[in-house]
Amino acid sequence: MFSLGLGRKQAPLLGIDIGSTAVKVVELARVGSASAHTYQVASCALETLPPTAVVEKKIADIQAVGESIRQAVTRCGTKAKAAAVAVPGSATITKVIPLSAGMKDAEMEGLIQLDADQYIPYPLDEVNLDFTVLGPAVTQGEVDVLLVATRHEVVDNLLAALAIAGLEAEVVDAEPYALENAATLTMGALAEGQTIAIADIGAQATRIQVVRNGRGLFSREQGFAAAQLLEEIQRRYSLKADEARRCLEAGELPGDFVAEVARPFAEALTQQIGRALQYYYSATSSKPADQILLAGGGAVLPELEQMVSSRLGILAYVANPFAHMTLGPRVPGQLIQRHGPALALAVGLALRGFD
Ligand SMILES: Nc1ncnc2c1ncn2[C@@H]1O[C@H](COP(=O)(O)OP(=O)(O)OP(=O)(O)O)[C@@H](O)[C@H]1O
Ligand SMILES: [Mg+2]
């Protein structure tokens, strides 16, 4: 059984998010006593990827991804060689099963392996399988166990890209769990007893999740994301792809951009987020989320925060995963300030070092 590292305990790790547009690296250090600690960002870098490197959330060019990881790691000045990476939610199959409480890990592993073909719709020799105990199940004397299966190919490509950069994967997580981790940290004590929705608005996909007391309740990925916004910018202002992106990120688009492009896009995105949440509420008879965190590069789209708040009736915030952290001497403050919401997943991965 290959470990996805869901229950690992060791520090420190480089959290490496291989997104469609960039490789993002975050390394954290825990400061203070065990009972009252905070985190310091020890190193951080973002390296843009060529457009052909990651296609439809899959690594298409291992060499290009590996080189970008190497450059990001060199730039951030870390000596760490162990990494935590994640496979997209769309590349994993998860299942929660009840097992009797009090079993040792090895016993549980044996039992799961024996029955795994009941839960996983792939031949077992084609997948990496991991599990973690979530907590007490509904039935007394049982615990809920989360099974996560990922096709070998997806994990192998990640490991090969890391190897090019001279790194080894200590943890292969699934994106939704890493993001939950980052969100729970960001909210701190405010998260207790709250149902938190998260929307990670990336370049190729928007992932919508719901978390309560650190436990994921819902996760869905959809294809409506910043790439559609960039296409509209290119079309309307006759710009090439790289110019469109540069102008968007630098806030250098014509005066009608907010009214003509950003606002309609924010409306459509809000609708997509609202629909996914509605589906979750009605499928599970749950009450609406108390708050919604906006993460990913698209989170800072003008007017999005206000629109999500007012249309969905949920308090929306742009996520700042570094809110309660100090910055180490090697870390460029500008990078954290400009790309904070897009670094949430890398922060969640780096946090795996302290599980
Ligand atoms: N101010 C902004 N408003 C809207 N979108 C923006 C803004 N700044 C950057 N973006 C977009 O955010 C995207 C990058 O976000 P992010 O880094 O979260 O994506 P990714 O992780 O590489 O992609 P994915 O998660 O889909 O694989 C780019 O497409 C970029 O154009
Ligand atoms: Mg992303």
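In this predicted model, helix H5 contributes the largest share of the shell around ligand 1, namely 4 residues. The shell holds 23 residues, of which Gly 19, Ser 20, Gly 202, Ala 226 and Gly 297 come nearest to ligand 1. Two elements, helix H5 (226–237) and helix H6 (241–250), each give two or more residues to this shell. When the residues around ligand 1 are sorted by class, 12 are nonpolar, 8 are polar and 3 are charged.

The chain as a whole is built from 10 helices and 16 strands. Its radius of gyration is 20 Å, and the globule rule gives a value close to this, 20 Å, for 355 residues, so the chain is as compact as a globular protein of that length. Taken along the principal axes, the box filled by the C-alpha atoms is roughly 65 × 50 × 45 Å. Of the 355 residues, 41% count as buried. Among the contacts between residues at least 6 apart in sequence, 71% join residues that are at least 24 apart.

One of the sheets is open and consists of 6 strands, which follow the order S10-S6-S1-S2-S3-S16 with mixed pairing. Strand S10 (168–174) and strand S16 (325–327) stand at its edges, and each has a single partner strand, so one side of each is left without a neighbour in the sheet. From one strand to the next, the twist of this sheet averages 30°. Within the sheet, strand S1 (residues 14–18) and strand S6 (residues 82–87) are paired in the parallel sense over 2 bridges, and Leu 14 stands opposite Ala 83 in S6. Helix H4 (residues 175–187) packs on the sheet, where it touches S6 and S10, and the direction of H4 makes about 85° with that of S10.

A further open sheet has 3 strands in the order S7-S9-S8, and its pairing is antiparallel. Its edge strands are strand S7 (92–100) and strand S8 (127–136), each of which pairs on one side only. The twist in this sheet averages 25° from one strand to the next. The pairing of S7 with strand S9 (residues 142–151) is antiparallel and extends over 9 bridges; as one example, Thr 92 has Thr 150 in S9 as its bridge partner. Two helices can be described together with this sheet. Helix H2 (residues 105–119) packs on the sheet and touches S7, S8 and S9, with a direction that makes about 125° with that of S7. Helix H3 (residues 152–164) also packs on the sheet, touching S8 and S9, and its direction makes about 70° with that of S9.

Strand S11 (residues 195–201) is joined to S12 by 7 bridges, and the two strands run antiparallel.

Towards the end of the chain, Ala 342 lies in the loop between helix H9 (333–339) and helix H10 (344–350). Because a residue counts as buried when 20 or more other C-beta atoms lie within 10 Å of its own, Ala 342 is classed as buried, with 27 C-beta neighbours inside 10 Å. When its neighbours within four places in sequence are left aside, Ala 342 is in contact with Lys 24, Gly 296 and Gly 297. Gly 297 is also one of the residues that come nearest to ligand 1. Pro 321 and Ala 342 are 21 residues apart along the chain, and their C-alpha atoms are separated by 9.2 Å.

Conventions:
Residues are numbered from 1 along each chain as its sequence is written. Chains are lettered from A and ligands numbered from 1 in the order in which they are written. This is a predicted model: local features need pLDDT of at least 70, side-chain atom pairs count only at pLDDT 80 or more; totals for chains, interfaces and linings use all residues. The radius of gyration is taken over C-alpha atoms; the globule rule is 2.2 Å times the number of residues to the power 0.38. A residue is buried if 20 or more other C-beta atoms lie within 10 Å of its own, exposed if 12 or fewer, and partly exposed in between; C-beta atoms are placed from the backbone. Two residues are in contact if their C-beta atoms, placed from the backbone, lie within 7 Å. A residue is near a molecule or strand if its C-beta atom, placed from the backbone, lies within 6 Å of it. Ala, Val, Leu, Ile, Met, Phe, Trp, Tyr, Cys and Pro count as nonpolar, Asp, Glu, Lys and Arg as charged, and the others, Gly among them, as polar. Two strands pair if DSSP finds at least two bridges between them. Axes are lines fitted to C-alpha atoms, for helices over the stretch in contact, and angles run from 0 to 180 degrees between N-to-C directions.
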